[in-house]
Structures are given as structure tokens and as C-alpha cells.
Amino acid sequence: MMLLFDIALVAGLLTLAVHVVREPDERSAIIAFLAFGLLLGLAWIRLAAPDVALTEIAIGGGGTGILLLRAEAAVRGRGKHEESVTRPGKLAIAVGCAAISAGLGLAVLSFASPAPTLAPAAAEGLSATGLGNPVTAVLLAYRALDTLLEKVVVLLALIGVWSLAPDAAWGGVPAVRSGEIPQPLAYLARILPPFGVVIGVYMFWVGADAPGGTFQAGTVLAAMWLLVMLAGLRSPPETAGLPLRLALAGGPILFLAIAFLGFAFADGFLAYPKALAKPLILAIEAALTLSVAAALAMLVAGPARRAPTR
Amino acid sequence: MTVALQPSVLFGLCGAALVGIGLFAVVSSPGLLRRIVGCNILGAGIFLVFGAVARRGAGAGFEADPVPQALVITGIVVAFSASALAVALLKRLAEPRSDA
């Protein structure tokens, strides 16, 4: 029975992907991509990875979806188009891509057996951190360096986006709402945020022991903030404002500070003293959740459009 | 034959196919926005292959190896950041030139 479900899921994923590529209308292609993200979340569940499923649905599908839909609306009719590839050219590209897929497929079929795994190593560290969710333990203890660098990459991307602001608007307010706001959107923006904030905080809190965690919680909080800004209930903050900058940098700074304190109080960089491991990890996660929420919302909001008031 | 139908192999193959479909969009699409979407499909395919690796690495009481899972979560967030930067560049490109 599950096999039938798996095959249907794979067929759905591939059909949607092909549809996204072939559909001439940009808007329906992006909506198909949103559906693709949701189905992909189901695939991750089937791969026994609920944490990844939550992240994929929230960020990969939802976050990227709203980003692309806003971009489509902004560049409609005046987007830059390259010259179309000729028919034989397309055929050649298709053959090349199929060859790459076939090679990857062969690699999948000839994976080493028994499979190499780091699960025992991760499980060993689990008891020392006091966490119950192995993925959270890997993200914040076993491979904390990756997570730290990733936070910096997100901030770098945000700096890149902000630097596209016109000179006069530097440090000003991004334009999030566009034109007339439909009534249902304004209604949802009043009703949803209380629930969304509770769900976000819950996801962050259970992330220590159950599927959930910083990124998923941050994305839900970012979505709520964006909803309020899209409906015009609150204007976006000035990108030069101190509270926003503090929220953005606070997570990585606290992470780095605790990482360096590891030299003095534990075994080295990014090591936690054993007795304090769980409280420290929770503190880092809380600060990171806020940073992720602010960074993701600002990435969607885009560069400043209006000059700062001062 | 039954080996090929396990979830890890099935979704691994699906990921391999998605890489090809995404790459095709990146190389052959005339619209730049569609190329960004193609990049995301390509990335999703790679993550799915990695997910198949994680599923096969089950052990120590976990249903899947947590290390690749954590790396994929990191990857999804980085992919989103890259898409956001690409979209911002695309919007800037579509704006009427002020110096002309």
C-alpha cells in the first residue's frame, strides 16, 4: 500500500516539475512550484525526515513561493528575456541533462552496502547535550560550525539584497504592500498572527526533543510578520533602524560569543560546558529564531524603496 | 526488483530525475525568473538524493542518519537566501534605467 503511495508521490513530483518547466505562463508555473514544494514535504516524511519536511514546506515551498510570486508581479511584462534556444539546441540540452540524471540514478542504484552512517557518532553526543531530537543536536552541537556559517551566509545575502537599494533610499523602508489591499487579506492579517506566533514559539520549544526547531519556527514567525506588513497594518521597519539590526545580528553574535567562551570554560571553540549544554543551546536557539525570522522577512521584503525619515 | 522500490532508492531516483529537469530549465529557459525556479528544482533534486543517503544510513536507533538531514536543512535555508538575492537582482534588472 505504501509502495503505491510512494510511486504516486514520485509521479506527482516529476509531473509537476516538468509542468513548471514547460508552462508558458510564469504565474501558473510558480503556483505549480508551490504545489511541488508541498509534495516534496511529503516525500521527506517518507524518507523518515520530519524536520526536513517542515523546513521544505515552510522555506523551500512557502518562502520561495511568495518570493517568486512577488517577483513575477514586479517584473511582469518587462522581465529581461534571453533569445530562445533553437529546437536542435533544446534537444541537445535535453540529452545532456538526461545523461546527468542517468549518471546520478546509477550512483543511487550503486550506493555502498552496508551504507556509511554517522548516526552512532551523533547518538553518542546526544546524551551529553541533554537534547532529545538528534537533528537539533547535530545542528547546534555536533556540527554547530555549519549552522553558524549558514547564519552568516543568510546575513550576507541580506546585505546583498539591501545594497541594491537606490542611493537616496539607503537605510530607508522597503516597499512590501502594493496598491489596494484585498479585504480577506486584511482580515487574515488580524486573525492569523496570534495563532502563528504561538505555533512558532511551540515549534522552537519542542525542537529540542521533537521535530521542529529554529529555522521552522523562524519561518513561521517571518510569515506572520510579512502578513501584517503585506496587509498594511504595520509598515516595514527602516533597514538602518537599530532594533532591526540588533535582531538580525543578535543570534549569530550570541552564538559566536558562546563559541569563543568554549575556549575558557569547555574543550575549545564551539564546545559547551557539560552541565550548561542544554540551557546554552536553548538560549542560542531563541536568539537564532528571532534572527532567522527577521532575516527571512527582510529577504522577502527586498531593498529599501523610500528614503529614511531622518 | 524489490530493492529498487524501497523508499530510499525510489526517492533517490526521483531526485536524480529532478536534477535533470531543473538543469534543463536553467540552461534552456528564455525567462530569467524561470531559471531561478529551475535552480530551486535542481537543488530540491540534490537534497532528495542526499535524503536517500540519510535514509540508508539508519542506525543507532534512528530511522535515518541525522547528520545529512541537518545538512539538508542548512542547505534549504541557504538556497532560499540565494534565491532571494537572485530575485532582488532580477527586479533591479527589470527597472527602467535611470541614467539613460
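This is a predicted model: local features need pLDDT of at least 70, side-chain atom pairs count only at pLDDT 80 or more; totals for chains, interfaces and linings use all residues.

Author: Let's start with a word you'll need all the way through: a contact means heavy atoms within 4.5 Å. With that in hand, of the contacts in chain A with a separation of 6 or more, 77% are between residues 24 or more positions apart. As for labels, residues count from 1 along each chain as its sequence is written, and chains are lettered from A, with ligands numbered from 1, in the order in which they are written.

First, a quick look around. Chain A holds 11 helices and two strands; both are DSSP runs numbered from the N terminus, helices (H or I) having at least four residues and strands (E) at least two. Read from the N terminus, the order is α-α-α-α-α-α-α-β-α-α-α-α-β. Along the principal axes, the C-alpha atoms of chain A fill a box of roughly 65 × 65 × 35 Å. Of the 310 residues in chain A, 47% are buried (under 20% relative accessible area; exposed is over 50%, partly exposed is in between, with a 1.4 Å probe and protein chains only).

Now for the close look: the loop with Ala48(A) in it. That loop runs between helix H2 (26-46) and helix H3 (50-75) of chain A. Ala48(A) has a phi near 60 degrees, a positive value in a residue other than glycine. Is Ala48(A) buried or exposed? Ala48(A) counts as buried because its relative accessibility is 16%.

Who sits against this loop? Setting aside residues up to four places away in sequence, Gln69(B) touches Ala48(A), Ala49(A), Asp51(A), Val52(A) and Val135(A), along with Ala54(B) and Ala64(B). Gln69(B) has a relative accessible area of 4%, so it is buried.

Step along into helix H3 of chain A and you find Ile59(A), which is buried at a relative accessible area of 1%. What does Ile59(A) touch, apart from neighbours within four places in sequence? In chain A, the partners are Thr64(A), Phe215(A), Thr219(A) and Leu296(A), and in chain B they are Ile76(B), Val77(B) and Phe80(B). Look at Leu296(A) in particular: it is 237 residues from Ile59(A) in sequence, yet the two C-alpha atoms are 9.0 Å apart in space.

One of those partners, Phe215(A), has a number that falls within helix H9 (residues 214-230) of chain A. Helix H9 has 17 residues and reaches 24 Å from its first C-alpha to its last, close to the 24 Å expected at 1.5 Å a residue (the expected span is 1.5 Å times one less than the number of residues). Most of H9(A) is covered, with 14 of its 17 residues buried. Just after H9(A) comes Gly232(A), with a positive phi of about 75 degrees.

Back on the chain B side, have a look at helix H2 (residues 32-56), where Ile41(B) lies. Ile41(B) counts as buried at 0% relative accessibility. Leaving aside neighbours within four places in sequence, Ile41(B) is in contact with Ala17(A), Val20(A), Phe33(A) and Phe36(A), and also with Leu18(B) and Gly22(B). Phe50(B) is in helix H2 of chain B too, but Phe50(B) is partly exposed, with a relative accessible area of 31%. Not counting residues up to four places away in sequence, Phe50(B) touches Pro68(B), Leu71(B) and Val72(B). Val77(B), which touches Ile59(A), is 16 Å from Phe50(B), C-alpha to C-alpha.

Definitions and conventions
Side-chain values use heavy atoms; hydrogens and water are left out.
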